[in-house]
Amino acid sequence: MSTAAPSAAPIVALTEAAKHFGPVRALDGVSLSISPGDCLGLVGHNGAGKSTLVNVVNGGLAPTSGSVAFPASGAASALAAGVRSVFQELSLCPNLTVAENLRISHSALKGMNWRAPARAEIRAALDQVFPGHGIDADAPVDTLSIAQRQMVEIAIGFAPRGTEARLVILDEPTSSLDAGIAEQLLSHIKQFCARGGAVIFISHMLGEIFEVATRILVMKDGKVVAEKPAGGFTRQGLVDAMGHVATEAAAAQAARAQGEEVLHTPEGLRARKGEIVGLSGLAGHGQAEALARLYLGATSSWRSPREAGMVFVAGDRGRDGVLPLWSILRNASISILPQIARRGMVDRTREAEITAEWKARIGIRTDDVTNPILSLSGGNQQKVLFARALASAAPVVVMDDPMRGVDVGTKQDVYAMIRAEAARGRTFLWYSTETEEVCQCDRVFVFRNGEISAELTGDEITEERILEASFEMEGA
Amino acid sequence: MKLFAKYRILLPVVSLAVLLAATFYMQPRAMSYFGINLLFNLAVPIALATVAQMMIIMVNDIDLSLGAFVSLVACVTATFLNDSPMLGVLILLALVLCYAALGAVIHALDLPAIVVTLGMSFVWGGLALFILPSPGGASPGWLRTLMTVKPPYIPMAVCASVIIAVVTHLLVIRSGIGTVLRGVGGNARSVQRAGWPVVRLKALAYGLAGLFGVFAGMALVGLTTSADANIALRYTLLSIAGVILGGGEFTGGKVSPVGAVIGALTLTLAASFLSFLRLSPDWQIGAQGAILILVLTARLLFTRRDAQA
């Protein structure tokens, strides 16, 4: 069999590969084989399992069940099989030069005199992918622009590095490249595949996917929902395959009387009193940063007023939410301490009263609020963070993807709470990666590449419209 | 002024030159073979300790036990290495391996290096007191000879500093493994993705730090001819200051071995310079700190300006 046509054997073959993180099925049984010459376009919404699939293929994660094999090379590890990855978040060592970065991933360069061959190899790789790149092999990476760093990373991915690149995984490679450079990359991918290499290409630019991919794989909820040759899809068909229609929540949305405008940022983010404003788009396109700028600008400067006009509900609980060593009570009451203090001393009775009231209203499931916060489940910890924010009198509530890792029951409780508070005149700014949540908002801003690409209100807020605005429909 | 940002080594060199010129101006007699040797004699162990600290800072950690470790090595050198050389060498080797193991443990268990090394400093200090409860011991003859050798034209202290700088430059900046080690400081994840066992690399960096720490302790005994359990306690902070003064950064794997050696020389010279100023010893530590702050401020200003440009 192997003597007949070794090139026909797939470079990588996944059989029913699954990866679970606790109860979360990030990858739910995917079978896939990539043969020489394939250029696989991989698309899907946030959290569809693209990154997990990539990490299982490149050996970064071991699958919980199922298997990953490399039949063409017979190698045991992805690295030995010539599988290389170029990640979206830049993964070069910024303190090293371009050539030194090649050395990191090129263990065949040995001896004292490795610099000259390293320089020659990275120069050749850069020249091949990006002719006329103008990058010095001896320049430290932190002196290069973001686009140049991305180019170096791509070049290292395609460089021979002692063996040969068989499968190169490109995760959003063009997001920081301008159109001309991106075009160079696309034509290199085509040549590379024509010579018998294979590429997995992840992009939110559907135009690019259609230009290079021979096959397109659509993922949703950790599963492959569609896999066809590129010609078998239309753009609209692709967007439809990624999304799902869930509009039952929209019925609950009653038209509310809207008050005056309470917020207007230079970027174009606007909110009225009593309005729930959603921030949507693909993850990492500037939504969280926009909220952080807005919130920190309003509250954390030297001269900010003592009673903040804004409160924050963290989504990344560990990083900017819970105070892990404190009790539930202390975690909930920290936002109101200045208001209930008497002569600078904390009023313990009022603190306990207010916390007890919010425990009942939000339904924090605990017998004793003096228990440590970490004794609660993730969802209940999140409720404490909501109580912390809502207990204050601030008219604007900023929420940074607060439903991350929260169970469905808690979500329904919190949705109801948000709607009730909005009806009383509070304004909510809600960044969410889940389109279903965004569809509950009165107004939605869709972000792309750090800018607002669309503003949707009322009936315009549909999953399709949001997806359309998140993805670059024009292509490269 | 982009020059300073482009060539990070320039600022340490300029600082040392300015301080040296000021010293010679204050005390022209220092401008001689013996004068220079006296000025920089004690810089040799400090330079070695600074290089040891640099190995740790290179992989984004910090070592608060270095001073106690160098003291322990000095005690071992003045007793075991002098009385029964075989045993002494074995103990020193074991100490280096201890350091390597420490690096592996810190990485494997994801412990904060600052806490682990602070704890270890008491272990080293205790062992040193156990070996040498009161100051004493004697330097092995060959070590004494090595540290007091008088090469023609260039004083021993300068020769030794140049050798340390060249060897560590080759090791850390030029060699392949040194590059990978700096990569660990720059972006450990990318090094790991490229298939390197980061835990072994960390152990190697710590092991190298232990090795240079051992050299520092031995050099110190060679100069002072005896040891004491507290002989090098101030090396912890001096070595950190030396690395930073030499153009290194606390994080990101940005280190310069040549700069570190120059930083150590500058710190030693600063102490002598203040003595020449007839500054009361009570004020000297504070004045040394002021010099440090001055140089670091200059560096910050230059890098900021460059970032804006």
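Tutor: Two strands pair if DSSP finds at least two bridges between them; helices (H or I, at least four residues) and strands (E, at least two) are DSSP runs, numbered from the N terminus. This is a predicted model: local features need pLDDT of at least 70, side-chain atom pairs count only at pLDDT 80 or more, and totals for chains, interfaces and linings use all residues. Residues are numbered from 1 along each chain as its sequence is written, while chains are lettered from A and ligands numbered from 1 in the order in which they are written.

Student: Which residue in E9(A) stands opposite A:Ile216?

Tutor: Start with strand E3 (residues 39-44) of chain A, which runs parallel to strand E8 (residues 215-220) of chain A over five bridges; there, A:Gly41 has A:Ile216 as its bridge partner. E8(A) also pairs with strand E9 (residues 223-229) of chain A, antiparallel and over six bridges. In E9(A), the residue opposite A:Ile216 is A:Lys228.

Student: Which residue takes a positive phi in the hairpin of E8(A) and E9(A)?

Tutor: Look at the turn, where two residues sit between the strands. The one with a positive phi, near 50 degrees, is A:Asp221.

Student: Which strands stand at the edges of the open sheet of six strands?

Tutor: The order is E13-E14-E15-E12-E16-E17 in chain A, with mixed pairing. Each edge strand has a single partner strand, so one side is left without a neighbour in the sheet; these strands are E13 (310-313) and E17 (451-457) of chain A.

Student: What is the bridge partner of A:Val446 in E17(A)?

Tutor: Strand E16 (residues 443-448) of chain A runs antiparallel to E17(A), joined by six bridges. In E17(A), the partner of A:Val446 is A:Ala454.

Student: What angle does the direction of helix H8 make with that of E14(A)?

Tutor: Axes are lines fitted to C-alpha atoms (for helices, over the stretch in contact), and angles run from 0 to 180 degrees between N-to-C directions. Helix H8 (residues 287-299) of chain A packs on the sheet, with contacts (C-beta atoms, placed from the backbone, within 7 Å) to strands including E12 (276-280) and E15 (427-431) of chain A. With the direction of E14(A), that of H8 makes about 145 degrees.

Student: And at what angle does helix H13 of chain A run to E13(A)?

Tutor: Helix H13 (residues 378-391) of chain A lies across E13 and E14 of chain A. To E13(A), it runs at about 180 degrees.

Student: How many residues does domain 2 of chain A give to the contact with domain 1?

Tutor: Chain A is divided into domain 1 (6-242) and domain 2 (248-470), with bounds from an automatic or database domain assignment. Their C-alpha centres lie 37 Å apart. Domain 1 of chain A gives five residues to the contact, and domain 2 of chain A gives seven.

Student: How many residues of chain A are in contact with chain B?

Tutor: Count each side of the interface separately. Chain B brings 18 residues, and the number from chain A is 17.

Student: What percentage of the residues in chain A are buried?

Tutor: A residue is buried if 20 or more other C-beta atoms, placed from the backbone, lie within 10 Å of its own, exposed if 12 or fewer, and partly exposed in between. Of the 476 residues in chain A, the buried share is 43%.

Conventions: Two residues are in contact if their C-beta atoms, placed from the backbone, lie within 7 Å.
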